[in-house]
Amino acid sequence: MRLTAKRVEDLRAVLVPFACDAARVAGVARDPIEIVRRYLRREDREVVALIAAALAYGRVESLRAKISALVGRLGDSPAMTLRSLSPDALSDRVRGFVHRMTTARDAASLLGAIGGALRKHGSRRELFRKNDDGGSSIDVALSRFVEALL
């Protein structure tokens, strides 16, 4: 599904206030979004942002360390790594990872799902587009995205 001009404007109306909020921008250095900004390629940012969102629970200091540790195991290009690794290789990469109640097995499942989506759809963005029917609620598109991912 292609994003229409109206859909882009609807999304912009929701997202721009967050991007412009000076307090949020000043707090980026402490926020896990800082980890996402370390990557230059859009596909790597998409992957790291999705991983960060999935692990976004707990104390910020601990959370940042855990996200950094997990994406650090994916090398310089997390997207390329996830596209190329088998489930067994992913399990090996995340062996020993724990974040609160998230185990290495959970992490391997998440990373495998993201890798599968990248192989099948090319990007997280494209997977979202395919699940967005342009309806009035973004909630439906997000729910479909999660169902398709997992």
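This is a predicted model: local features need pLDDT of at least 70, side-chain atom pairs count only at pLDDT 80 or more; totals for chains, interfaces and linings use all residues.
**View 1. The whole chain and its surface.** Numbering starts from 1 along each chain as its sequence is written, and side-chain values use heavy atoms, leaving out hydrogens and water. The chain has 10 helices and 0 strands (DSSP runs numbered from the N terminus: H or I of at least four residues for helices, E of at least two for strands). Of its 150 residues, 33% are buried (under 20% relative accessible area, 1.4 Å probe, protein chains only; exposed is over 50%).

**View 2. Helix 4 against helix 8.** The axes of helix 4 (residues 42–54) and helix 8 (residues 104–121) come within 11 Å and cross at roughly 150° (lines fitted to C-alpha atoms over the stretch in contact, angles from 0 to 180 degrees between N-to-C directions). On the helix 4 side, Val-47, Leu-50, Ile-51 and Ala-54 meet Leu-110, Leu-111, Ile-114 and Leu-118 of helix 8 (contact: heavy atoms within 4.5 Å).

**View 3. The two faces of helix 10.** Buried here are Ala-141, Phe-145 and Leu-149. They sit on the same side of helix 10, because they cover an arc of only 65° around the axis (taken from directions from the helix axis to the C-beta atoms). Turned away from that buried side are the exposed Asp-139 and Glu-147.
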